Amino acid sequence: MWTDTHCHLDAAEFDADRDAVVSAARSAGVSRIVIPAVARENFATVRALAHRVEGAVYALGIHPLYTPQARDDDLDALRREIEASFADPRFIGIGEIGLDYFVPGPDDARQQHFYDAQLKLAREFDLPAICHVRKSQDQVLKGLRRNGVHRGIAHAFNGSFQQARAFIDHGMHLGFGGNVTFERALQIRRLAEQLPLEAIVMETDAPDIAPAWLYRERNTPDQVPRIGAVLAGLRGLAPEELALGTTANAAAALPRLALSSA
Ligand SMILES: [Zn+2]
């Protein structure tokens, strides 16, 4: 069995055929799907979806690229939603939060404000954080350190070995997906090949970050096994070994996964 630790199943790209996408993932052996929120507007949607889809779970948070539209009282709403979801076995953590210095636009101070406030909530409720890290590896880690958040996933990780080590030493797991399937993605492939297996979790970021064979098309969670086969090949592992290992790693990164069944 495989776990997709990052899938935006609520995205409009899946409106026409969401049920088919889910059953294709299930038939492909993807028995767990983590659906992170991106803004207050989709908190209720990801929760409802995680309850409707077998094996799915959800996280609540405000994505850095949604901070320009976010309001301060969205943080109060997030706190209330966390409290309301705390007894829900399908609620697994805070996300998607983080910092994005690649996309021009969002103000840094504003991104940092929302990131920091949400890390404080992660700390207060002892929940893992699912982090968006884009050209912001050092700053995202600094936030985790500053707020004492030691568990979660740096998703679509694309940093140096030194930065990867620093995240792992801090207690974080690193998410790998479609990017490892591109032969020219030398650095990501080296990381996927050489980092300790215990540090790696699988993800799609569907509908984004499509693998090489779906270049510029919609990505879907049923791609995890094929992406995993590429990663397993890089490491000289059998795909089943990688499936088992990375699913166990996902449970370590997101302990509340154990509360609900696949
Ligand atoms: Zn995402």
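Student: Which protein residues are the donors of the zinc ion?
Tutor: This is a predicted model, where local features need pLDDT of at least 70, side-chain atom pairs count only at pLDDT 80 or more, and totals for chains, interfaces and linings use all residues. Residues are numbered from 1 along each chain as its sequence is written, and side-chain values use heavy atoms, leaving out hydrogens and water. Donors are N, O and S atoms within 2.8 Å of the metal (3.2 Å for Na, K and Ca), and sites may look incomplete because water is not among the atoms. Here they lie 2.1 to 2.7 Å from the zinc ion and belong to His6 (NE2), His8 (NE2), Glu96 (OE) and Asp205 (OD).

Student: Is His8 buried or exposed?
Tutor: Buried means under 20% relative accessible area, exposed over 50%, and partly exposed in between (1.4 Å probe, protein chains only). His8 has 10%, so His8 is buried.

Student: Which elements do the buried residues of helix 1 pack against?
Tutor: Those buried residues are Arg18, Val21, Val22 and Ala25. On the other side of the helix, Asp19 and Ser27 are exposed. Going by contact (heavy atoms within 4.5 Å), the buried ones pack against strand 2 (30-36) and helix 2 (43-52).

Conventions: Helix = DSSP H or I, 4+ residues; strand = E, 2+ residues; numbered from the N terminus.
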